[in-house]
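Take a walk through this protein, one feature at a time. Keep the 3D view open as you read.

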Amino acid sequence: MYLYLSNNEKLELLKTQELEICKNKLLFYLGTVKKNTLKLVKKLLPISNIISIENDNCITPIEWQLGHISHFYIVHTLDLLNTKNKLHFNILNSYIKQIEKQYNIDFYEFFDSFKTPRHIRFSKIICIKRLIIIYKSIIKILHNYIKISKIDSIDNYLIMLSILHNDMHNENFIFSYYNLQNNFLDSMIHISISNNSKEPPVKNIFIDIPKGFLHQGQDINENRLVFDNETPSFLIRINEFKVSKYPITEFEYLDFINNDGYINSKYWSQNGLDWKNENDIKHPLYWFNISGIWYRKHFNNIYKIGSNLPVCNISWYEAEAYCKWKNVRLIKESEWEYLSTNLGRSLYPWGNQEPNANICNVNNVNKFCENVNLYESGNNIVGVSQLIGNIWEWCAEDLYPYNNFTMDCIYKEMSYPFFGKKKICRGGCFAVSDFLIHSKYRNAQEPDCQIQFIGFRVCLNST
């Protein structure tokens with residue numbers, strides 16, 4: 001366990017890294033995440049100033065998030081690069097001191113997510129212009145470092161770690177924007193109701209999956225950054241099972257609601273029932289009923305429910321209740337990875353080609369999820385669709401470490417604080433970048449999480 005290490009000790013441990021990324025690609029990732037961050041912050045600020053977000057227990061102030069992203073870059077990347085190869089960031093330090101003096105804060109404590117609880121983050125709303133200057137300064141330092149330095153695997157790891165963390169928060173900005181826009185819609189007097197596509201419901205068939213073996217997880221390699229909860233790789237036997245070709249759609253979930261799914265307590269676990277009753281949950285987030293007809297809020301429109309979009313913004317408890325009602329089960333994490341690696345034969349469902357927006361719905365290209373029967377070129381060998389992108393998919397299990405887990409020496413808080421508390425979700429969604437998501441990536445969220453773009457597909461045991 002690496003709880004208290006000096007920078008030199010951390011750098012010594014990082015000598016085992018093998019990550020190889022060419023300079024042009026690293027600069028592209030850095031430029032892409034910067035562009036997306038600044039665009040999203042600019043988009044969010046006007047509406048976040050109109051709508052109070054303090055009462056929403058899932059959203060953090062936009063200003064705090066941007067400061068936290070910068071904090072991560074400094075603590076987990078710049079400080080270590082400075083120890084390894086001297087950097088010059090006196091101007092950056094002066095910007096930080098100005099903020100500390102003006103707002104009477106310790107920058108490194110206030111923007112540390114494990115030292116500053118959520119309710120305290122609202123106590124100091126820092127000038128966004130100052131935070132943008134700090135963020136841009138960090139990106140500029142890294143850009144220059146990449147261009148003029150002889151980059152090795154340690155550099156690649158440290159820089160890529162902060163880029164991926166930044167991208168995770170860009171997804172947070174996107175679902176925050178969606179949530180705030182839908183809250184703003186509540187205050188509008190005149191609302192237009194848009195018609196959905198008149199396309200008939202797709203037939204969400206069950207596909208038979210043969211038994212086999214899977215090397216679940218991964219070990220340190222040269223192709224991508226490996227997070228600690230993905231390691232080490234181990235061999236596991238997968239039994240035969242049946243899985244839905246697509247994630248559960250709005251059409252399918254509407255049947256659950258119309259058949260008293262939220263009313264009948266027999267479909268809900270005790271934890272799910274407690275959550276539902278304590279929070280007065282009667283339907284999915286952003287859904288509402290007028291005269292017996294269900295609608296969904298979506299940015300500046302309201303849609304009548306009934307589409308082949310995957311149902312999303314669904315908590316694990318809601319997915320669990322649907323499965324109990326339908327007499328099916330959630331997919332196991334190992335089963336999901338088996339499907340997403342083409343039954344253990346390739347890096348992705350479709351083969352070894354890296355994800356892109358032609359194969360799967362990623363990079364926020366479409367600004368929302370798409371119908372489940374699209375992106376057929378991304379199907380796996382047995383025809384299971386949309387395993388990567390579009391929506392995250394809940395799995396049955398809690399997040400726990402793999403056997404022989406070793407905490408990352410740099411990003412210690414990536415996983416261990418959440419073991420046994422969060423539920424696994426896999427596959428990414430439309431709001432993540434193609435360089436973040438892959439078939440081994442393990443995400444996890446609290447079982448009551450609705451704000452993220454998470455849905456689910458279902459399974460049956462073979463008889």
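Start with helix H4 (residues 90-103) and H7: their axes come within 10 Å and cross at roughly 160 degrees. H4 is therefore roughly antiparallel to H7. Angles over 145 degrees count as roughly antiparallel, under 35 as roughly parallel, 65 to 115 as roughly perpendicular, and the rest as oblique. Axes here are lines fitted to C-alpha atoms, for helices over the stretch in contact, and angles run from 0 to 180 degrees between N-to-C directions. The helices (H or I, at least four residues) and strands (E, at least two) are DSSP runs, numbered from the N terminus.

This is a predicted model, in which local features need pLDDT of at least 70, side-chain atom pairs count only at pLDDT 80 or more, and totals for chains, interfaces and linings use all residues. Residues are numbered from 1 along each chain as its sequence is written, and side-chain values use heavy atoms, with hydrogens and water left out.

Back to the pair. H4 passes H7 in a left-handed crossing. A crossing is left-handed if the near helix is turned anticlockwise from the far one by less than a right angle, and right-handed if clockwise. In H4, Leu92, Tyr95, Ile96, Gln98, Ile99 and Gln102 meet residues of H7, including Arg130, Leu131 and Ile133. Contact means heavy atoms within 4.5 Å. By class, this contact of H4 with H7 has nine nonpolar, three polar and one charged residues. Ala, Val, Leu, Ile, Met, Phe, Trp, Tyr, Cys and Pro count as nonpolar, Asp, Glu, Lys and Arg as charged, and the others, Gly among them, as polar.

H7 has another partner. The axes of helix H3 (residues 62-84) and helix H7 (residues 128-148) come within 10 Å and cross at roughly 30 degrees. That makes H3 roughly parallel to H7. H3 also passes H7 in a left-handed crossing. Among the H3 residues that meet H7 are Leu66, Ile69, Tyr73 and Lys84. The contact of H3 with H7 divides into 16 nonpolar, three polar and two charged residues.

Now look at helix H9 (residues 250-258) and helix H11 (residues 316-326). Their axes lie 11 Å apart, at an angle of about 75 degrees. H9 and H11 are therefore roughly perpendicular to each other. Glu252, Tyr253, Asp255 and Phe256 in H9 meet Glu318, Ala321, Tyr322 and Trp325 in H11. That contact of H9 with H11 has five nonpolar, no polar and three charged residues.

Next, the empty spaces. Rolling a probe the size of a water molecule over the atoms shows where empty space is left. On a 1 Å grid over the protein atoms alone, a cavity is a set of points where a 1.4 Å probe fits but cannot get out, and a pocket is an open set with protein on both sides within 12 Å along at least five of seven lines; lining residues have an atom within 4 Å of a point. Grid points are joined across faces, edges and corners, and a volume is the space filled by probe spheres set on the points.

The second largest pocket has a volume of about 670 Å³. Of its 35 lining residues, Asn223, Arg224, Tyr348, Glu354 and His438 are the closest to its centre. The lining divides into 16 nonpolar, 11 polar and eight charged residues.

How many cavities of 30 Å³ or more does the structure hold? It holds two. The largest cavity has a volume of about 50 Å³. Its lining includes Glu250, Tyr286 and Arg296. The second largest cavity has about 40 Å³ of space. By class, its lining has seven nonpolar, two polar and no charged residues.

Finish with the backbone. Most residues other than glycine have a negative phi, and most peptide bonds are trans. Tyr286 is not a glycine, yet has a positive phi of about 75 degrees. Tyr286 lies in the loop between helix H10 (270-278) and strand E6 (287-290). The peptide bond from Thr231 to Pro232 is cis, with omega near -10 degrees. Pro232 is found in the loop between E3 and strand E4 (234-238).
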